[in-house]
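Visitor: I would like to learn how to read the features of a model such as this one. Please take them one at a time.

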Amino acid sequence: MPKHSMSRRRFLQSTGAAAIWLPSSVKAYTSSEMQALYADGVMQQDVSKWELDTPALCVDLDALEANIATMQTTMSRNGIASRPHAKTHKCPTIARMQIDQGSIGICTAKVSEAEAMFQHGIDQILMTTSNVTSTKIRRAMTLRQVCDGFVQATDSPSNARLLSEAAAALGIDADLVVDLDPGGHRTGITPGQAALALAQLVDQLPALKLKGLLCYDGGSQHVVGFQQRKDQTLGRLIAASDTYDLLQQSGLNTEIFSGGGTGTYNIDHETRGLTDVQVGSYVFMDAQYLGIGGESNTEVYSDFQTSLTILTTVLNDQYAGRATTDAGAKACTINRPWAIIKGESGMSYSSGSDEFGTIRYDADPSRTYKVGDKLELIVSHCDPVVNLYDQMYAIRHDKVEAIWQIAARGMSA
Ligand SMILES: Cc1ncc(COP(=O)(O)O)c(C=O)c1O
């Protein structure tokens, strides 16, 4: 594929209308007013996104759908599957869209997230985090009792024994994958003989069924430069592939070997044995991912579109070189790099204050803002931003088409 570069400035300017000025007499619909207008799953009147009370979390439907389609096309071409991580969107409607477009299920990071997804009709769930307390183990196994498609990760023999006891007490057979450490030592057991021994234990313990392996190489997802990222992740996952071979040679079940993320989605099929990618951020994208560069665009990671934005209103324009908005840390988080003002250049945004955001005009700003102006921000890091909102507005061509519940918002336990 020929390499080309698109500068960050050009890329941002191509991302669409940045802001709009509205007279203060224009309605700013609150979330409860919007809920009232969204009867029977249909908007009862046209509302522009620019008429929403702010801060508001918006997802652009054309961009979201394009991202899901891009992922599925790549997966089909590369002969593996996607099992998107719902920790990113926490939204059953998006999980359903992903599954309807070909994903084989979803992942969750927390047992409460898994419960929320199941309550909203999602029944193929891989829980990628180990549950270690008796309460969480019981909750996970209770979920497995009603959800045949629930698979739990484990990374130690003692944890596998506790899961076996809990599953036996409920009279079920629980499906487990062994979580492998890719080298970051965050979670997982060391690949090789230790992992093989754990897989054999899971295979032998009562009330457990071994489904295979999980190895998420989080430390490689944001490596800048496609080739550097590729070299790092493929190198780090060799031990996981070797473990996959060991399981196969021992006659153990390897039907699942899950891993990978948005930064490596078009690399992961080269890891021997990998069955599916646990991609999360690709549905929304964010400033953290934009900076890593892609295979075809070395400057900006433009494989996916920035579908998730925060709408904010300017509160103060009295001081030279800056303006203040209503979206601070509680609307945007304090993750870095800061959120990016969509469609603009020559200015920066920061959200260090709890309730206030700051626009700073650098040299040659593309415009300046006035009190009451609304603008859109490309989020810094999508996962924690979504967790700040109860709902997101689904937008098509600037109009609100739907309101989606972020059902697993705040499900951090
Ligand atoms: C275990 C696991 N899998 C998958 C992902 C998704 O990663 P990304 O958002 O980079 O696609 C994450 C994100 O942190 C994760 O922790």
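Visitor: In what sense do strand 16 and strand 17 pair?

Guide: Some ground rules come before the reply. This is a predicted model, in which local features need pLDDT of at least 70 and side-chain atom pairs count only at pLDDT 80 or more, while totals for chains, interfaces and linings use all residues. Residues are numbered from 1 along each chain as its sequence is written. Helices (H or I, at least four residues) and strands (E, at least two) are DSSP runs, numbered from the N terminus. In general, strands of a sheet pair through backbone hydrogen bonds, parallel or antiparallel; two strands pair if DSSP finds at least two bridges between them. Here strand 16 (residues 347–350) pairs with strand 17 in the antiparallel sense, over four bridges. A hairpin of six residues links strand 16 to strand 17.

Visitor: Which residue of strand 17 is the bridge partner of Tyr349?

Guide: Ile359 is the partner of Tyr349. Ile359 also stands opposite Ala323. Strand 14 (residues 322–325) pairs with strand 17 (residues 357–361) in the antiparallel sense, again over four bridges.

Visitor: What is the strand order in the open sheet of eight strands?

Guide: The order is 5-12-11-10-9-8-7-6, with parallel pairing. The edges are strand 5 (81–82) and strand 6 (106–108), each pairing on one side only. Inside this order, strand 9 (residues 174–179) and strand 10 (residues 208–215) are joined by six parallel bridges, and Ala174 has Leu208 of strand 10 as its bridge partner.

Visitor: At what angle do the axes of helix 6 and helix 7 cross?

Guide: Axes are lines fitted to C-alpha atoms, for helices over the stretch in contact, and angles run from 0 to 180 degrees between N-to-C directions. For helix 6 (residues 134–146) and helix 7 (residues 157–170), the axes come within 9 Å and cross at roughly 45°. Helix 6 is therefore oblique to helix 7, given that angles under 35 degrees count as roughly parallel, over 145 as roughly antiparallel, 65 to 115 as roughly perpendicular and the rest as oblique.

Visitor: Which residues make the contact?

Guide: Residues are in contact if their C-beta atoms, placed from the backbone, lie within 7 Å. Helix 6 contributes Ile137, Arg138, Met141, Thr142 and Gln145, and helix 7 contributes Leu162, Leu163, Ala166, Ala167 and Leu170.

Visitor: How many residues surround the ligand?

Guide: A residue is near a molecule if its C-beta atom, placed from the backbone, lies within 6 Å of it. The ligand is surrounded by 14 residues, and the closest are Gly261, Thr262, Gln278, Gly280 and Ser281.

Technical notes
Contact = placed C-beta atoms within 7 Å.
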